[in-house]
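Hi,

Here is the model I said I would pass on. Have a look at it first, and then read my notes below.

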Amino acid sequence: MKNIKKLLYLSPIALLMVGCAGGNNPGIEYAPDMYDSKGYEPYNQLDSNTLNEYGANVRRPVDGTVALGKADYAYALPNTGEGYERSATEVSMPAGLADAECEGKRLYIMYCSPCHGVEGKNDGNIFKRASYLKPGAWGDGYQNDYIKNLADGQIYHTLVYGKNNMGSHASVLTPTQRWQVIAYVRQLSNGNVDCDGSVVVSTDSVSMASDVTAEDVQSEVSDSTKNEEVH
Amino acid sequence: MLKTLSLIFILSFSFTPVIAQENAENGKALFETNCVSCHKLDKPSIGPKLRKIRSKYEDEWLLKWIKNNVEFRKSGDERAITTYEENNQAAMNIFANLTDADVLDILAYTDTEPEVAEGPAVSSEPTFFNNYTKYLLMIVALVLLITFLILFRIFKELRTLRRKQEAEANGVTYEQAAQSWWSKNKEKFIIVNPTITVLAGVTGFAALIFVPWFFWFGINKVGVQQGYAPEQPIAYSHKLHAGELGIDCQYCHSTASYSKSASIPSLNTCMNCHKGVQGTEADGDNINPEIAKIYAALDYNPEGKPGEQYGPNRKAVKWVRIHNLPDLAYFNHSQHVKVGGLQCQECHGPIQDMEKVYQFSSLQMGWCIDCHRSKKIDVENNNYYEKLHASVKKKLNSVDSAEYKKQYFKDGKIVITPSMNGGLECAKCHY
């Protein structure tokens, strides 16, 4: 009886101490299963998975398979010097690439400018601080003949596999986005930055139509919500 | 004969100045602008290490290779082709802008002896001294503690002994004496002494108010992880990367604009920079221990042969999740980042100043609702709301309803909040 009374007195203090999150303590939850659920969820895993590699719940796609609508992710050229040389002639910008909303510029600033600088002069914050990363052959930026003479395909190849100190950006840019970035890099390289849909080549081709881009997802979401509002 | 001699004389004359002029200082400067992105002197990088490269290849060959290795390979030089293959076909750039003298300067620089590392003996002495002081203090503290305990024990024993003697003198046992003292004195403490009574009353009253208050406060913290800042497996600093270097959040959390989850970057994203960057200025030539953790997880050997640096024994980095919503609530990043155009900091706080990330917002429902009620949607410059905006304008023009106008207008301007667009519907987030 005495002990129960003691516990009662102490319970609010205990709750206060356990309940307050901070440091390594996430606090307590009413229903922990709601936070760390039994089902598999992205980026939420307490125990090591015994079946999958690396103990992760996520699995890599089966080798040789392509997700629906992602056929353009397939890239035939190998990550070798030979592949790089072949990319100059065998890979080219798809016709019908439209970038009405300056997506290329947005992506360039997001993914390229930390190193290559907002204006493509290799003066991004990272290159400023770690100048040893700067490409030796064209340290002054995209206006260098080195980039001007580079084929679109070679830039694409570099985005897919990386080159020298630059890593692969295939995991963060969809194929369409890669081409949008390349189109913008070309603008920076030629010194006539005009970001009002001027990179539209033509609109007949539907070669990239199967790719699900961020814009597609957005317009899909927006359509459904707009309908809700109207009805 | 004379002709040959004179030719040799002229040749030797023309060669000597070149050798004499080899300038390792200039070579160092050239090396640091042209070569350093792919080559290091003592470690293999993108290309092979270059210290004493002249012992492997002769100058003539190196000149041709450095200035235009592509042409050189095309000319069919066997060693050029094998060199290319040996280095994972990483084509070296063409350096046509470098003169022969420049290249020889660079080669002279590669011939220099490595700087002798500063002896660690200097630093070992203070460390020893520090340890010594620390241990000495610990021993002194321990001795003092033991002395205190012994003295306390002696004092206690002596006191008991004295009381026993007093009790025996009065003709009772020690236990009886102790009990009778309490029975004689307890009224003084509880009822008779007014100070103690008042104090007890005040304490009781305070407890009556504060205990429930504490209880309420404690219970409200259940399920709220605000302030949670767990130790992560790699001490990644958002302050350095997002703050000082100004890298966009979405460089790493790249799916935030088109996925439910903002995504934890896989290690290849780290390697985009950390293949080259192996530490800060403070680390010197050593690999930063936190960056070494990336390499360990990838089984990456930064000094390995190009193309064979990644080993097979990879491990997952087990990041600790901080922001976690219960399954009963649905949240989608793309809706807020891409459509709503919110900045990451509006919910996650000053991430760019956080050395270690903590949960800034409470993530409680009231917090969501507050924002959904008050946040103005920028309908004018957002394609997503084109239809909504048009329909609102059309309605406003066709229906002359004061109530309707009151809902959508503030100071003559259309104001739309998420709550007007279904942002308070239960089933939007709970389904």
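In chain A, 63% of the contacts with a separation of 6 or more are between residues 24 or more positions apart. Bear in mind that this is a predicted model. Chain A has 10 helices and 0 strands, so you can read its pattern as α-α-α-α-α-α-α-α-α-α. As for burial, 29% of the 231 residues of chain A count as buried.

Now the nonpolar cores. The largest one has 33 residues, and Y108(A), Y111(A), V181(A), I182(A) and V185(A) are those with the most contacts inside it.

Once you leave aside its neighbours within four places in sequence, V181(A) is in contact with G104(A), L107(A), Y108(A), C112(A) and L173(A).

The axes of α8(A) and α9(A) come within 10 Å and cross at roughly 125°. That angle falls between the 115 limit for roughly perpendicular and the 145 limit for roughly antiparallel, so α8(A) and α9(A) are oblique to each other. Their crossing is right-handed. On the α8(A) side, the residues that meet α9(A) are D152(A), I155(A), Y156(A) and L159(A); from α9(A) come R178(A), I182(A) and V185(A). By type, the residues of this contact of α8(A) with α9(A) are 5 nonpolar, no polar and 2 charged.

Finally, the contact between the chains. How many residues does it take from each chain? Chain B puts in 68 residues and chain A 58 residues. On the side of chain B that touches chain A, at least two residues each come from α2 (24-35), α9 (194-220), α11, α12 (267-274), α14 (333-339) and α17 (386-398) of chain B. Here α9(B) gives the most, with 6 residues. That side of chain B divides into 32 nonpolar, 26 polar and 10 charged residues.

Cheers

Technical notes: Residues numbered from 1 in each chain as written. Chains lettered and ligands numbered in written order. Predicted model: local features only at pLDDT ≥ 70, side-chain atom pairs only at ≥ 80, totals over all residues. Core = buried A, V, L, I, M, F, W, Y, C linked by C-beta atoms within 7 Å. Buried ≥ 20, exposed ≤ 12 C-beta atoms within 10 Å, placed from the backbone. Contact = placed C-beta atoms within 7 Å. Helix = DSSP H or I, 4+ residues; strand = E, 2+ residues; numbered from the N terminus. Nonpolar A, V, L, I, M, F, W, Y, C, P; charged D, E, K, R; others polar. Axes fitted to C-alpha atoms, helices over the stretch in contact; angles between N-to-C directions. Parallel < 35°, antiparallel > 145°, perpendicular 65-115°, else oblique. Left-handed = near helix turned anticlockwise from the far one by under 90°.
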